[in-house]
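Let's take a walk through a protein model together.

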Amino acid sequence: MRINDIYIFYQNELKTVSIRQRVKGVQNLPEAVSSAINALQAYAEASGALLAGMPFCCYYNQDMSDLDVEFGFPVDRVLPANGDI
């Protein structure tokens, strides 16, 4: 029995702006997301860059008491690093 077909899609490289951080406890994740998204939007706006897509989140571990996560946006150009960004 076959449930789904598997496809491979190739996507061009994206330029992104992101913040990677540790979040102590999954209960603190909503605040971390909000803070990171606001900081990234402000940085992109101050740099004259355009957000080029939906925000994303990458999880680098599964320890719910000490999450290693990255929040970001695709942008229209390469931006220089700035602090945690």
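Helix α1, made of residues 29-47, lies across β1, β2 and β3, and runs at about 35° to β3. Helices (H or I, at least four residues) and strands (E, at least two) are DSSP runs, numbered from the N terminus. The axes behind such an angle are lines fitted to C-alpha atoms, for helices over the stretch in contact, and angles run from 0 to 180 degrees between N-to-C directions. Contact here means heavy atoms within 4.5 Å.

A word on where these values come from. This is a predicted model, in which local features need pLDDT of at least 70 and side-chain atom pairs count only at pLDDT 80 or more, while totals for chains, interfaces and linings use all residues. Residues are numbered from 1 along each chain as its sequence is written, and side-chain values use heavy atoms, with hydrogens and water left out.

Now turn to the strands. In what order do the three strands of the open sheet lie? The order is β1-β3-β2, and the pairing is antiparallel. Two strands pair if DSSP finds at least two bridges between them. The edge strands, β1 (16-23) and β2 (56-59), each pair on one side only. From one strand to the next, the twist averages 20°.

You can follow both pairings residue by residue. Strands β1 and β3 (residues 67-74) run antiparallel and are joined by eight bridges. Along this pairing, Val23 stands opposite Leu67 in β3, and Ile19 has Phe71 in β3 as its bridge partner.

Is strand β3 largely enclosed or open? Eight of the eight residues of β3 are buried, so this strand is largely enclosed by the rest of the structure. Buried means under 20% relative accessible area, exposed means over 50%, and partly exposed lies in between (1.4 Å probe, protein chains only). Leu67, Val69, Phe71 and Phe73 point one way from β3, whereas Asp68, Glu70, Gly72 and Pro74 point the other way, and all are buried.

Let's stop at Asp68, which sits in strand β3. This residue is buried because its relative accessible area is 10%. Leaving aside residues up to four places away in sequence, Asp68 touches Arg20, Gln21, Arg22, Cys58, Tyr59, Tyr60 and Asn61.

Some of these neighbours bring us to charged side chains. Side chains of opposite charge can pair when their charged atoms come close. A salt bridge is counted when a side-chain nitrogen of Lys or Arg is within 4 Å of a carboxyl oxygen of Asp or Glu. By this rule the count comes to five salt bridges.

In one of them, the side chains of Asp68 and Arg20 meet at 2.7 Å, N to O. Asp68 lies in strand β3 and Arg20 in strand β1, so this pair ties together parts that are 48 residues apart in sequence. Arg20 counts as partly exposed because its relative accessibility is 46%. Arg20 also lies over the face of Tyr60, at 3.7 Å from the ring centre. For such a contact, NZ of Lys or CZ of Arg has to be within 6 Å of the ring centre and within 35 degrees of the ring normal.

Another salt bridge joins Asp66 and Arg22, at 3.0 Å from N to O. Asp66 lies in the loop between β2 and β3 and Arg22 in strand β1, so the pair ties together parts that are 44 residues apart in sequence. Asp66 is buried at 17%, while Arg22 is partly exposed at 47%. Asp68 forms a salt bridge with Arg22 too, with the closest N and O atoms 3.9 Å apart. Which residues are linked in the network of salt bridges? They are Arg20, Arg22, Lys24, Asp66 and Asp68.

Two last stops remain. Ile85 lies in the segment after β3 and touches Val17, Ser18, Ile19, Ala39, Leu40 and Tyr43, not counting residues up to four places away in sequence. Finally, a search of the whole structure finds one aromatic pair. Tyr7 and Phe9 form this pair, which is tilted, with 6.2 Å centre to centre and 40° between the planes. Rings of Phe, Tyr and Trp (its six-membered ring) pair if their centres lie within 6.5 Å; planes under 30 degrees apart count as stacked, over 60 as edge-to-face and the rest as tilted. Tyr7 is exposed at 59% relative accessibility, and Phe9 is exposed at 72%.
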